[in-house]
Amino acid sequence: MTDTSFEKASAAAGFVTRRTELRPRLAIVLGSGLGAFAEQLEEKTAIPFAEIPHFPQSTVPGHSGKLVIGKVAGVPVAVMQGRVHAYEGYSSEEVVFPIRVLGRMGVTQLMLTNAAGGINPGLQRGQLVLIADHINLSGRNPIAGATDDRLGPRFFDMSEAYSGRLRLLAHEAARTMEFRLDEGVYLSVLGPSFETPAEIRAFRTLGADLVGMSTVQETIAARQMGIEVLGMSCVTNLAAGLQAEPLSHEEVMETGRAVEKQLAGLLTRLVPTMG
Ligand code: HPA
């Protein structure tokens with residue numbers, strides 16, 4: 001019988017655990033253009049995704065693809081600098097594999113960050129927004145298929161996918177930094193083409209504030225394992241039809257780079273209060 005996701009994730013977790021003495025309970029996934037935070041970890045061990053057994057490799061510029069384990073203010077954290085997306089041709093099982101590895105390493109809290117288009121007209125480019133809930137329009141679900149009880153149940157509650165408790169902590173951290181932190185509903189699409197203006201109007205009608213191509217699969221896999229999730233989007237652009245200029249990956253990366261210091265500051269304040 002071929003190895004299951006559970007066995008592969010356990011093997012990868014064992015590999016990572018042998019490379020460091022730190023045992024992080026908290027993990028952070030840094031999205032497009034948002035990788036800077038990983039550089040400031042103390043006592044860090046960086047492991048390229050390519051070295052970790054069964055890990056998928058990112059093919060997108062701006063997603064450098066390393067797992068960095070270190071400390072922030074004395075608290076051990078595992079930081080994924082980059083991720084893979086379904087639009088690169090990966091199955092949703094492959095997309096969530098790193099989350100399952102983190103879970104098998106003993107992580108119980110996960111912060112997912114991403115670049116997103118702003119659909120709600122009240123949002124501005126460059127703003128950080130907490131994800132209050134999501135709408136999965138990617139057409140995929142990482143739990144679909146053969147089940148493995150060792151990962152968690154097949155049917156599970158998603159009524160508080162993004163932890164209210166962790167969101168409160170994020171609001172407190174933002175308040176000490178005196179910046180505005182709105183909340184919004186994140187809608188996920190498969191991509192990689194950006195949306196049409198008609199799609200964005202439809203998504204607005206559905207109740208979405210943000211649109212992006214990641215995060216939702218990871219949240220679902222984490223919730224199956226009982227991991228608490230906090231999600232944060234950086235509004236890298238206004239969604240299609242809401243800004244004069246055409247959308248581009250360059251704009252997404254440029255805005256990400258402009259905001260990554262603010263995000264790093266927020267994470268540095270937030271991490272010691274989580275856990
Ligand atoms: N649409 C989808 N994904 C995105 C966008 C967008 O406008 N911006 C950043 N990621």
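The crossing of helices α4 and α7 is right-handed, a crossing being right-handed if the near helix is turned clockwise from the far one by less than a right angle and left-handed if anticlockwise. The model is predicted: local features need pLDDT of at least 70, side-chain atom pairs count only at pLDDT 80 or more, and totals for chains, interfaces and linings use all residues. Residues are numbered from 1 along each chain as its sequence is written, and side-chain values use heavy atoms, without hydrogens and water.

The axes of α4 (residues 164–176) and α7 (residues 249–270) come within 9 Å and cross at roughly 120 degrees. On the α4 side, L169, A170, A173, A174 and T176 meet L266, R269 and L270 of α7, contact meaning heavy atoms within 4.5 Å. These contact residues divide into six nonpolar, one polar and one charged.

Two cavities of 30 Å³ or more are found in the whole structure; on a 1 Å grid, a cavity is a set of points where a 1.4 Å probe fits but cannot get out, and lining residues have an atom within 4 Å of a point.

| Cavity | Volume | Lining classes |
|---|---|---|
| Largest | About 120 Å³ | eight nonpolar, six polar, two charged |

Of the 16 residues lining the largest cavity, A86, V189, M213, S214 and Q217 are the closest to its centre. Helix α6 (residues 216–224) gives the most to this lining, with three residues. The second largest cavity is lined by T17, L22, R23, P24 and M105.

Conventions: On a 1 Å grid over the protein atoms alone, a cavity is a set of points where a 1.4 Å probe fits but cannot get out, and a pocket is an open set with protein on both sides within 12 Å along at least five of seven lines; lining residues have an atom within 4 Å of a point. Grid points are joined across faces, edges and corners, and a volume is the space filled by probe spheres set on the points. Helices (H or I, at least four residues) and strands (E, at least two) are DSSP runs, numbered from the N terminus. Ala, Val, Leu, Ile, Met, Phe, Trp, Tyr, Cys and Pro count as nonpolar, Asp, Glu, Lys and Arg as charged, and the others, Gly among them, as polar. Axes are lines fitted to C-alpha atoms, for helices over the stretch in contact, and angles run from 0 to 180 degrees between N-to-C directions.
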